[in-house]
Each structure stands twice: as C-alpha cells, then as structure tokens.
Amino acid sequence: HRTGFVRYHGFMGNIRDILAHRLAELRDRIASACSRAGREPQSVTLVGVTKTVGPEVAQALVDLGVPDLGENRPQELWRKAALVTGGQWHAIGHLQRNKVERTLPLVSLIHSCDSLRLLEAIDAEAVRQGTTARVLLEVNCSGEDAKQGFEPAEVPTLANRLNSMDGIRVEGLMTMAALASHPEEARPAFRKLATLARELKPLVDPRHALGHLSMGMSNDFEVAIEEGATLIRLGTILVGGLEAA
C-alpha cells in the first residue's frame, strides 16, 4: 500500500494510472449513453463503489475527480470515512436501524431506504441530531424474492407518511435490476422506477424533490442512463482486480 502499486492481471501498475485509464473509458461510455438519450453527461453522477477495496483506492478515486463513494456495509463506511479526505459517502447497502445514529452524520445520501420502519428510524434520528437526512426509497422493481425494497404498488401509498416526516428529504428512488446475460433485460425495471417517481412526485410535499434515480451498475449502467438514471453505482468495472501487492 505504501508504494501505491497493485498487482493487476499479472503486472504491476500504479493505482492512479489504472483508475485514470478506466475512468476515461467510462466517461466516454457515459457520454455516449447520454447522447443517445438526449441528455448532458453532467446529469449523471458516478458513484464509485469501494466495498472490495481499501481506503487507498478510495482516496485515489477522489483525487481523480470521483468524490462520490458508495459503501454497502455501514462498518466499512465508518472506517473509510475516517481515512479518506475530500469524498462524500453514499450508503448503498442494507442499513440496520441500530446503525443509523452513527451513519447519518457521515453520509450525503442513503440510497437503500427499504422499509417504513427504517424511514421512521432515520427520521427520528435526524430530528434528534438537528439535521435533515437525504434519502432514496429502494424499490424492488425486478420482483425477485431475494431483493429488498418496497413493492412498486406500495410506493404511491407512502406519500402521506413521507409528508409527515420532518427529518427526511426524499431525493428520489433506487433499484437493482435482476442479474441477466444481457443489459437490455434490465430496461423494464429501470423504466418502471422512472414511472414510479413520476407518479409519486405530485403526491408529496415539494421538499421531497424526487429528482434522482439511482439505478445501473457495472453490467447495465448504459441502459439505466438511457432510462433516466442520475446516479450510477459502479464497482467491478471501476475498481475490480485492484488488490494491494
């Protein structure tokens, strides 16, 4: 770690050089997907998912212009947030209610609000801490039993409860598509999430901006962008294989 070098597919390379090369390719692909959708590349934020790498790689991402970092496990987020400077953290994995108090001051956005009980816990803790928590509602648009999140039909029914919560601001929705052999198979799930956001928006207070759609990962982010993603969560394609030598 002290050398800043990693072993990657059998050769030694500098972390920053490898990441810079990958980022250049990814930004080209993001720009192309935006062009197909008639959007500006600036409308998409790349969230670098750091769950498989240490703080050194996370710091390199920030230094290369990727300040938005995503962690699945709260304990890892806590650890890396204390070591990485200049970044802003996104909680993207399941968040247990007993982890909310410590997580809330460290994150800019919680993507994975997957139940009313969790929303209520975040709301209460945010009020206690004198802050406003920015959150996304996780929706199970793929219909898989193993996936967490609200059922699509539940989303509009949440409006009144959301409007009564003073400690949260719902910035949008999040989903994970089913693993598939072709990215195109993810399109219906992404399209459904965009539709749900449009349906929920007139039902909630204006403070719930609902401007974000967090969808798209390494294997399907271009389709997600075409369907309106504003936040794409990229791990494997960005930091995969970067292990300390």
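1. Ala229 is buried, at a relative accessible area of 0% (buried is under 20% relative accessible area, exposed over 50%, partly exposed in between, with a 1.4 Å probe and protein chains only). Ala229 sits in the loop between helix H8 (221-226) and strand S10 (231-234); helices (H or I, at least four residues) and strands (E, at least two) are DSSP runs numbered from the N terminus. Leaving out residues up to four places away in sequence, Ala229 touches Arg39, Ser43, Val44, Leu213, Met215 and Ala224, where contact means heavy atoms within 4.5 Å. His212 is 17 residues from Ala229 in sequence, with the two C-alpha atoms 7.2 Å apart.

2. A word on what we're looking at: this is a predicted model, in which local features need pLDDT of at least 70 and side-chain atom pairs count only at pLDDT 80 or more, while totals for chains, interfaces and linings use all residues. Residues are numbered from 1 along each chain as its sequence is written, and side-chain values use heavy atoms, with hydrogens and water left out.

3. On confidence, the protein chain averages a pLDDT of 93, and 93% of the residues score at least 70; pLDDT is the predictor's confidence in each residue, from 0 to 100. The stretch to watch is residues 7-12, where pLDDT stays under 50. For that stretch the model has 13 contacts beyond four places in sequence.

4. Thr175 is another loop residue, found between strand S8 (168-174) and helix H7 (187-200). Thr175 counts as buried because its relative accessibility is 0%. Its contacts, again not counting residues up to four places away in sequence, are Val139, Asn140, Cys141, Ala189, Phe190, Leu193, Ser214, Met215 and Arg233.

5. Which residue has a positive phi although it is not a glycine? Leu210 does, at about 50°. Most residues other than glycine have a negative phi. Leu210 belongs to the loop between H7 and strand S9 (212-214), and Leu210 is buried, with a relative accessible area of 9%.

6. Now for H2 itself. This helix is mostly covered, with 7 of its 9 residues buried: Pro55, Val57, Ala58, Gln59, Ala60, Leu61 and Val62. The cover over those residues includes helix H1 (15-37), strand S3 (45-49), S4, H3, S5 and helix H9 (236-239).

7. H3 (residues 74-81) buries Pro74, Glu76, Leu77, Trp78 and Lys80. Those residues pack against helix H2 (55-63), strand S4 (68-71), strand S5 (88-91), helix H4 (100-103) and strand S6 (107-113).

8. Zooming out, the protein chain has 9 helices and 11 strands. Its radius of gyration is 18 Å, which agrees with the value near 18 Å for a compact globule of 245 residues (taken over C-alpha atoms, with the globule rule being 2.2 Å times the number of residues to the power 0.38). The C-alpha trace spans about 55 × 40 × 35 Å along its principal axes. Buried residues make up 51% of the 245. Of the contacts with a separation of 6 or more, 61% involve residues 24 or more positions apart.
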